[in-house]
Every structure is written in structure tokens, then in C-alpha cells.
Amino acid sequence: MPYVYPIQIAAVMRRCADLSILPSQRLLLISLQEQTMRRFTLQDGAYQLSHRYAISSSAKPPSCQADSFGTPTGLHAIADCIGQQAQLGMVFEARTDIGKCYWELTPEKCEKNLITSRILRLKGLEPGLNLGPNCDSYDRYIYIHGTNHEARIGRPFSGGCIELYNTDIVELFDLVHSEDLVYIS
């Protein structure tokens, strides 16, 4: 079934109303089925499609459970924006750049799926689904980030995060803000 974003935007609006959350100026809709992210901007009271990105979500089935390594679903917000001045391809460990780009690391180190270029850390907004004990997206360190395995973008591969091409995460990073909404379905 093709991804129909007006239906997803309506779902976001219902969830915002249910949770007493105001819609954000910018919205990211992530389709796990299509392995895409669509960026929208609120204009004249309606969300307008601004850009489409290819992504990689979790290799394991989607899951909001802690230690599942599945990409969590539902309504999220960007909690932290990390790496603003980092060089393209810079590797991050524990949300701190290590001072090296992935191509400067050993082949053994590069076998791992590294966090590169920028980090948008997500927090869940739906209690019991992606917010709270044993399901909290923030506590699970769920990010939108670059990767050293760009050839795998477009199909599930990550350990739970949403991965983008390095140039795409740098572009996206400059177009979003903390508290912007992210809906994953």
C-alpha cells in the first residue's frame, strides 16, 4: 500500500489534539514501509511538502520496547540537535565527536554502523508507547543521523535509529529546530 501523507498528517493532528500539543511549524513524516522521510512546512494553515529523503530504519521489526533495536513508532519531537559545526562524515560516540571522520578509521571500526555528521535526538510524546518506562525513545537514544554505510540507505539496516545520507542530515539539521514534530509509522 503506498504511503499517503495526508492521512498521516491527519493522524498527527489527532494525536496533537489528544495530547494537548500544538503542531510545530515543521513536521517530519517517516514511512518505515517506504524507507522515506518527508519534510513539511506549515504555510497558510496547512502542511506543504518541502523535501523527501531516503532513509534506513531498523533491521529488526519496528518496536517501541527498550532493548528491541527496533525503530519506535508514533509521535516524537526533536529533543537535541548535536554537531552543528562538525565536518561531514565526523564520527560521534556518546553524542561527542571523536575528532575523526569515518574514512580515517580502521576497516574493522568501519564495519560497525557509525553515527556520523549530525544527530537529531528524538523524544517520544505518547505515554506508554514511546514515552515512559521500558519504551522511552529518548532513553533508548533514538536519533536521526548520518551513517558510514550510505550504500544501505533505502532499506532497513540500522539498530533502531533513522539514518540518512551525510549530505542529507547536514541539510536537514539546518532546516529543523528542537521541538519540531516527527511522526514515525
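Mentor: Let's start with the lining of the largest pocket: 20 residues make it up, and those nearest its centre are Phe69, Arg140, Tyr141, Gly159 and Cys161. Strands β5 (90-93), β7 (115-124) and β8 (143-146) are the elements that each give two or more residues to that lining. Keep in mind that this is a predicted model. The pocket's volume comes to about 350 Å³. Sort the lining by class and you get nine nonpolar, six polar and five charged residues.

Now pick out Cys161, one of the residues nearest the pocket centre. Is cysteine 161 buried or exposed? With a relative accessible area of 11%, cysteine 161 is buried, because anything under 20% goes in that class.

You'll find cysteine 101 in strand β6 (residues 96-101), and its relative accessibility of 2% makes it buried. Its closest cysteine sulfur is the one in cysteine 110, 11 Å away, which is too far for a bond. A disulfide needs the two sulfurs within 2.5 Å, and by this rule the model has zero disulfides.

The whole structure has one aromatic pair. Tyrosine 102 and tryptophan 103 form that pair, edge-to-face, with 5.0 Å from centre to centre and 75° between the planes. The angle is what settles the label, because planes over 60 degrees apart count as edge-to-face. Tyrosine 102 itself is buried, at a relative accessible area of 18%.

Back to β7, one of the strands that line the pocket. Serine 117 belongs to strand β7, and its backbone is worth a look: phi is positive, about 70°, although serine 117 is not a glycine. Is serine 117 buried or exposed? It is buried, with a relative accessible area of 0%.

Aspartate 44, though, sits in the loop between β2 and β3 (46-54), and its relative accessible area of 84% makes it exposed.

Arginine 118 lies over the face of phenylalanine 173, 5.6 Å from the ring centre. Arginine 121 does likewise with tyrosine 138, at 3.5 Å from the centre of that ring.

Follow phenylalanine 173 and you are in helix α3. That helix spans residues 166-173 and is mostly covered, with six of its eight residues buried. Which residues of α3 are buried? They are Asn166, Asp168, Ile169, Val170, Leu172 and Phe173.

Next, the loop between β7 and β8, where you'll find isoleucine 142. Although isoleucine 142 is in a loop, its relative accessible area is 3%, so it counts as buried. Isoleucine 142 and serine 158 are 16 residues apart in sequence, and their C-alpha atoms are 11 Å apart in space.

Glutamine 33 is exposed, at a relative accessible area of 60%. Across 24 residues of sequence, glutamine 33 and serine 57 end up 9.4 Å apart, C-alpha to C-alpha.

Methods. Residues numbered from 1 in each chain as written. Predicted model: local features only at pLDDT ≥ 70, side-chain atom pairs only at ≥ 80, totals over all residues. Heavy atoms only, no water. Buried < 20%, exposed > 50% of the residue type's maximum accessible area, 1.4 Å probe, protein only. Phe/Tyr/Trp six-rings, centres within 6.5 Å; stacked < 30°, edge-to-face > 60°. Lys NZ or Arg CZ within 6 Å of the ring centre and 35° of its normal. 1 Å grid on protein atoms, 1.4 Å probe; cavity = no way out; pocket = protein on both sides within 12 Å on 5 of 7 lines; lining within 4 Å. Points joined across faces, edges and corners; volume = space filled by probe spheres on them. Helix = DSSP H or I, 4+ residues; strand = E, 2+ residues; numbered from the N terminus. Nonpolar A, V, L, I, M, F, W, Y, C, P; charged D, E, K, R; others polar.
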